[in-house]
Amino acid sequence: MKRSVENARKVVKFGGSSLASATQLEKVLDIVRADDARRFVVVSAPGKRNDKDTKVTDALIRYYRDYTNGQSVDSDQDWIINRYKSMVDELGLDHAVLDRISASIMQLATLPIEGNRFLYDTFLAAGEDNNAKLVAAFFRKCGISARYVHPKEAGIIVSSEPGNARLLPSSYDRLEALQDTEDVLIIPGFFGVTVDGDICTFSRGGSDITGSIVAAGVKADLYENFTDVDGIFSAHPGVIHNPRPIKELTYREMRELAYSGFSVLHDEALIPAYRGRIPLVIKNTNNPSHPGTTITLEHHGDALPVVGIAADDKFVSINMSKYLMNREVGFGRKVLQILEDLNIRFEHMPTGIDDMSIILRERELTPIKEQEIISQLVRKLEVDEVDIEHDLSIITLVGENMNNHVGVTATATKALSENGINIEMLSQGSSELSIMFFVKADQVRASLKALYNAFFGQD
């Protein structure tokens, strides 16, 4: 069955849990069959079939480590190949596709190790790449004219940055040519190909990025991201019982929530779709009739002042004080120069008249770097006081409509105060899109519950 190129164009991305077994692949088939506009399918590597299972990507990491450490890789190869074989057998596919997958897995152990910057990326990308071959074979068996397309053929050409690939702008011209296909194209997510032909992955979770890139490239009418939840909720379901579902978010709201701990969607995946002005919807493979959560450029109806409350942990604050700091030209630049020289990225910078705090991710610091920062601040900038505070978390209130409502901050601080939660710092940008409260890590759950009750009613 071929599809008319005159139909609307939809890009659909399926996550690892949606592709973990033959049963899940049957659901994926039904979803694609249900809408002729779903002509571009981006797939992840097979995820866990149950809580005790292993993701194919994790098995590939183990395979890579054994190979580069000179250990036997026979068991690694057998496990990965058998994982695909179980799906091939259950789906009744011709073993020609399994032979192709097996050869690809075995070939990894012949690649050069020394001086190969892209070896790790090549191993990891094998999960998505081989799953795309399997999905294409399954679709063809079921009467859909489907074709596996390698990212190189698709035109996903990326920068030579292992583990952090960036799409080259010239790729969009090549991706646009995919519009003319009458086949359903099955494209592996998570990686692209450099100008020199090397496999290079996006940051982990990057199949979302591939889906967004393809959607922008083919000028899709909609990018559907299928996962294992019914959409996005106003707070983490693991903390709040039965939280309010969010029907619609703006891209800016989703960006804030993704940054602050909402892990449903990779935050970098928003950029291509946002720039291409393509609406995105989060849907559930196991409940495809549910409308999910739509992400658009702007709200299409009335929106609450706060649409979501997110939390993220493992932050550190470098706190410094110096009398008449505000009169010293270049003080802030000098502080940031110290961090830059140590290859440290900062997240936020709340300030007072004579004091400044620099918020970092905990992973940016080591004990040696901490001592060097303190030493340079005292020696070069002659600060009066400096300390580094660990175990901080961020609680973020997000909503584009907050700037039209007076008293959001007052409501939040009152709720935290009444629950005995001390606010270490508070930060809000000029856009009034979000308000960040910094609290001690052991008060995160209590903070989330207090704020949820204040803005959405009792948990």
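In this predicted model, helix α5 carries a kink of about 35° centred on Ala126. The helix covers residues 119-141, 23 residues in total. From the first C-alpha of α5 to the last, the reach is 33 Å, close to the 33 Å expected at 1.5 Å a residue. Just past the end of α5 comes Gly143, whose phi is positive at about 95°.

The surroundings of the helix are worth a look next. Of the 23 residues in α5, 20 are buried, so the helix is largely enclosed by the rest of the structure. In general, nonpolar side chains tend to be buried together in soluble globular proteins. Here, the largest nonpolar core holds 47 residues, and the members touching the most other members are Phe14, Val41, Leu134, Phe139 and Ile186. Helix α5 is the greatest contributor to this core, giving 10 residues.

Turning to a loop, Asn401 sits between β15 (385-398) and α13 (408-418). Its relative accessible area is 19%, and because buried means under 20%, Asn401 counts as buried. With residues up to four places away in sequence again left out, Asn401 is in contact with Ala303, Leu304 and Pro305.

Terms used. Residues are numbered from 1 along each chain as its sequence is written. This is a predicted model: local features need pLDDT of at least 70, side-chain atom pairs count only at pLDDT 80 or more; totals for chains, interfaces and linings use all residues. Side-chain values use heavy atoms; hydrogens and water are left out. Helices (H or I, at least four residues) and strands (E, at least two) are DSSP runs, numbered from the N terminus. The expected span of a helix is 1.5 Å times one less than its number of residues. The bend at a residue is the angle between axes fitted to the seven residues ending there and the seven starting there. Buried means under 20% relative accessible area, exposed over 50%, partly exposed in between (1.4 Å probe, protein chains only). Contact means heavy atoms within 4.5 Å. A nonpolar core is a set of buried Ala, Val, Leu, Ile, Met, Phe, Trp, Tyr and Cys residues joined through side-chain atoms within 4.5 Å.
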